[in-house]
Amino acid sequence: MPIVTVQITREGSTPDRNAVTADEKAAIIKGVSEVLLNVLNKPLESTYVVIEEIDLDNWGWGGLPTVQYRQQPAAAGKS
């Protein structure tokens, strides 16, 4: 029985939203389950998918909170 945890930031896919929709979550669950079916032959009914939405303030990247990281000029991190 596979259990897959998917962590995503709590922000919408468009600027006017601040959360993932139920339809988007359903698509994630379906897609992850189908990958396990197709790759490992795990039945859909035995696969559990857990989606954890993390507040953007609790997500960091490159040594910075994600919001600050995203505000950096694209060339700043390149040598």
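Leu-64 is partly exposed in this predicted model. Its relative accessible area is 28%, a value that falls between the 20% limit for buried and the 50% limit for exposed residues. Leu-64 lies in strand 4, which covers residues 64-65. Beyond its neighbours within four places in sequence, Leu-64 is in contact with Tyr-69 and Gln-72.

From the N terminus on, the order of elements is β-α-β-β-β-α. The chain is more spread out than a compact globule, because its radius of gyration is 16 Å, well over the 12 Å that the globule rule gives for 79 residues. The C-alpha trace spans about 45 × 30 × 20 Å along its principal axes.

Of the 79 residues, 18% are buried. The accessible surface of the chain amounts to about 5,900 Å². Carbon and sulfur atoms contribute 55% of that surface.

Contacts were then considered by separation in sequence. Among contacts in the chain with a separation of 6 or more, 56% join residues 24 or more positions apart.

Charged side chains were also counted. The chain carries 7 positive and 10 negative side chains. The centres of the positive and negative sets lie 5 Å apart.

Note on methods
Residues are numbered from 1 along each chain as its sequence is written. This is a predicted model: local features need pLDDT of at least 70, side-chain atom pairs count only at pLDDT 80 or more; totals for chains, interfaces and linings use all residues. Side-chain values use heavy atoms; hydrogens and water are left out. Helices (H or I, at least four residues) and strands (E, at least two) are DSSP runs, numbered from the N terminus. The radius of gyration is taken over C-alpha atoms; the globule rule is 2.2 Å times the number of residues to the power 0.38. Buried means under 20% relative accessible area, exposed over 50%, partly exposed in between (1.4 Å probe, protein chains only). Contact means heavy atoms within 4.5 Å. Accessible areas come from the Shrake-Rupley method with a 1.4 Å probe; for residues, only the protein chains shown count as cover. Lys and Arg count as positive and Asp and Glu as negative; His and the chain ends are not counted. The place of a charge is taken as NZ of Lys, CZ of Arg, CG of Asp or CD of Glu.
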